[in-house]
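Hi,

Here is the structure I promised to pass on. Have a look at it first, and my notes on what turned up follow below.

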Amino acid sequence: MDPTRRGLLATAAAVTTASLAGCVGDTDAIGPYEPDGESGGATPEEMTASPDEDAVAETAIPIADDQLPVSYSLETLRGEVIDGGVPQDGIPSIDDPVFEPVEDVDDRFREDDPVFGVVREGEARAYPQSILVHHEIVNDEIGGESVAVTYCPLTGTAMGFERGGVEFGVSGNLVNSNLVMYDREGESMWPQMLGTAIEGPLEAASLREFPVHWSTWSDWRERYPDSTVLTEDTGYVRDYDDDPYGMYNPVSGYYREDSDPIFEPLRSDDDEPPKRMVLGARPPEGPLSIDHETLAAERLLEIDHEDATLLAVHDRSIDVGHLYRNPDGEAFELADDRLVDADGDSYEPDEASLERVYAYDAMWFAWTGFYPDSAQFG
Amino acid sequence: MIPVTETLPERIRARLRDTGRASRLAVGRLDALAVAGLVAAAYLAGYLWATDRLSVRSGLGSSVTVVDEPLARAFERTGQLQFEPVALVDLWVVRLLLSPIDLFVGATLAALVGLNLALAYLALVQPRSCGLGAGAGAAASVPALLSGTACCAPVIVIALGVQVSGTVITVLPWLLPLGVVLLLGSLVYVGGLVDTKNGRPVS
């Protein structure tokens with residue numbers, strides 16, 4: 001939506017809402033974020049359900065060996081699912097994506113336009129945010145492996161999942177403002193951020209995840225000049241120059257750090273502005289979040305989390321964070337944007353000689369809503 | 001006037017007949033027709049703009065992009081009462097996402113709003129003969145405004161950043177049909193008060 005339209009509609013709606021206070025919602029919720037320290041909502045309770053073994057054995061969808069942690073019972077989460085206002089596939093996934101080389105892109109993007117980058121099986125691909133905001137899921141194949149590259153604009157989360165040839169689609173429902181995907185095999189319901197089905201034949205099973213990096217067009221192009229880029233040949237016509245929620249370049253509308261979420265989160269926590277970006281992870285020791293801006297400033301963070309020692313690294317070339325397990329507390333430093341260990345060996349920030357911990361960027365309200373007991377760093 | 005001795009179904013039928021006559025009268029008079037046409041055109045443009053189907057910006061050039069299998073696409077729902085666009089039309093400063101069903105819904109609403117306002121106009125320009133001019137005008141414009149709000153209510157929720165409950169989201173899709181019903185009700189109300197024999201509102 002262009003800013004003019006949003007502004008005019010907001011003005012008109014503000015007048016209407018003021019005169020119809022109570023019809024649309026609490027008028028205190030209108031306007032910029034105001035910390036009040038209140039919290040409430042759903043009651044956290046560690047998920048204890050386990051997936052049906054027969055269903056896991058029969059499905060073509062690759063299921064993670066270890067169930068991902070979920071901080072609520074499945075019943076609670078199902079009770080918190082809301083209709084997002086669109087029918088199933090009303091936001092259509094891209095099922096036959098078409099890519100073009102970086103050099104063919106011309107002036108389709110501005111330098112700081114956000115793109116989501118994937119490097120897998122030696123292949124680099126960029127998925128422009130301007131396209132994914134209209135489709136949310138790309139059923140793709142990278143290096144001969146079928147994957148789903150997914151993006152939820154309301155929670156600011158871009159995540160990759162292995163899909164074993166099964167397509168994923170947009171259910172039209174939301175939980176904690178997050179996209180609820182469905183699989184086109186048995187129609188299990190998968191909230192994207194949880195990566196775990198909350199309903200259907202595969203309920204309580206977790207997907208195999210892989211990182212999708214938030215970056216910008218100029219950074220990605222420079223770091224991965226051989227990358228290919230998703231085109232607007234999606235099988236649908238959309239106004240790809242227009243984001244219905246706001247704008248990232250520069251930041252405005254729904255994406256403003258201090259703006260309120262549209263839907264009430266599972267839990268409110270006003271420690272941070274609602275849309276502030278954090279790097280979230282959920283290792284077996286328990287979920288944690290790292291403030292993205294702090295990590296970008298510090299570049300390297302040593303984190304003691306429960307019994308684990310972790311190392312967070314900021315990759316300046318594409319402005320993303322990586323998280324590693326550093327059990328021996330090995331000393332690292334950054335030199336010329338490369339990670340250097342005690343022996344003087346150096347690595348790209350995403351190729352350290354340590355065990356990688358899967359982490360993804362998310363808006364603060366969404367992360368703390370799903371993981372209310374998450375430890376906070378940075 | 002409708003005789004009080006008539007039964008309810010008879011009264012309803014008579015009222016509908018009067019509404020039909022009044023509507024024909026409105027479109028038969030050049031000034032009322034102009035009001036209806038202008039209002040309907042403005043409303044349709046506003047409807048398409050508010051529902052993200054129409055935008056105005058510079059540097060678009062001129063082109064038409066049509067999806068594969070447009071007939072099948074046209075019936076795919078993207079919202080409770082919204083359907084897939086089948087073509088993207090760029091005309092230098094105007095971009096139109098052409099969804100036939102959305103266009104039909106918008107045109108129907110626009111026609112109803114235009115007709116309501118045309119009848120209200122008739123009542124307003126001859127107030128002394130009827131004594132209801134301003135009242136009828138207001139009666140006609142209220143549902144028109146309500147339906148206008150209904151069509152773009154979800155967009156407004158996003159634009160305003162209002163936090164809404166699931167209940168409100170459930171209600172939103174019903175605002176558009178409610179707006180249509182109100183517009184039809186308004187037409188019947190105002191239409192029944194116009195003296196179609198003399199081309200003037202009933203005194």
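P244(A) sits in the loop between β13 (228–230) and β14 (246–248) of chain A.

P244(A) and V133(A) are 111 residues apart in sequence, but their C-alpha atoms are 8.1 Å apart in space. V133(A) belongs to helix α4 (residues 129–135) of chain A. With 21 other C-beta atoms within 10 Å, V133(A) is buried. If you set aside its neighbours within four places in sequence, V133(A) is in contact with P153(A) and D243(A). D242(A) is worth a click as well: 109 residues separate it from V133(A) in sequence, and the C-alpha to C-alpha distance is 9.5 Å.

Now the overall picture of chain A. Its secondary structure comes to seven helices and 26 strands. Of its 378 residues, 46% count as buried. Among the contacts in chain A with a separation of 6 or more, 65% are between residues 24 or more positions apart.

On confidence, the average pLDDT of chain A is 90, and 89% of the residues score at least 70. The stretch to watch is residues 11–38 of chain A, where the pLDDT is below 50; this stretch still has 36 contacts in the model beyond near neighbours in sequence. Where pLDDT is low, the predicted coordinates should not be read in detail.

Next, the domains. The assignment for chain A gives domain 1 (60–230) and domain 2 (277–377). Their C-alpha centres lie 22 Å apart. Across the boundary, 21 residues of domain 1 of chain A are in contact with 18 residues of domain 2 of chain A. On the domain 1 side, β7 (157–162), β11 (209–211), β12 (213–216) and α5 (217–223) of chain A each supply at least two of the touching residues. By type, that side of domain 1 divides into eight nonpolar, 10 polar and three charged residues.

As for L323(A), not counting residues up to four places away in sequence, it touches L279(A), A281(A), L310(A), A312(A), V357(A) and A359(A).

F116(A) has Y127(A) in β4(A) as its bridge partner. The strands here are β3 (residues 114–120) and β4 (residues 123–128) of chain A, which run antiparallel and are joined by six bridges. Their hairpin has two residues between the strands, and E121(A) takes a positive phi near 50° there. β4(A) also pairs with β13(A), this time in the parallel sense over two bridges. In that pairing R125(A) stands opposite T228(A).

Further along chain A there is an open sheet of three strands in the order β21-β22-β23, with antiparallel pairing. Why are β21 and β23 of chain A the edges? Each has a single partner strand, so one side of each is left without a neighbour in the sheet. β21(A) is joined to β22 (residues 338–341) of chain A by four bridges, and F332(A) stands opposite D341(A).

Finally, chain B. β5 (residues 87–91) and β6 (residues 94–98) of chain B run antiparallel, with five bridges between them, and L88(B) stands opposite L97(B). In their hairpin, which has two residues between the strands, W92(B) takes a positive phi near 60°. β6(B) also pairs with β1 (residues 54–56) of chain B in the antiparallel sense over three bridges; V56(B) stands opposite V94(B) there.

Cheers

Note on methods
Residues numbered from 1 in each chain as written. Chains lettered and ligands numbered in written order. Predicted model: local features only at pLDDT ≥ 70, side-chain atom pairs only at ≥ 80, totals over all residues. Buried ≥ 20, exposed ≤ 12 C-beta atoms within 10 Å, placed from the backbone. Contact = placed C-beta atoms within 7 Å. Pairing = 2+ DSSP bridges. pLDDT = per-residue confidence, 0-100. Domains from an automatic or database assignment. Nonpolar A, V, L, I, M, F, W, Y, C, P; charged D, E, K, R; others polar.
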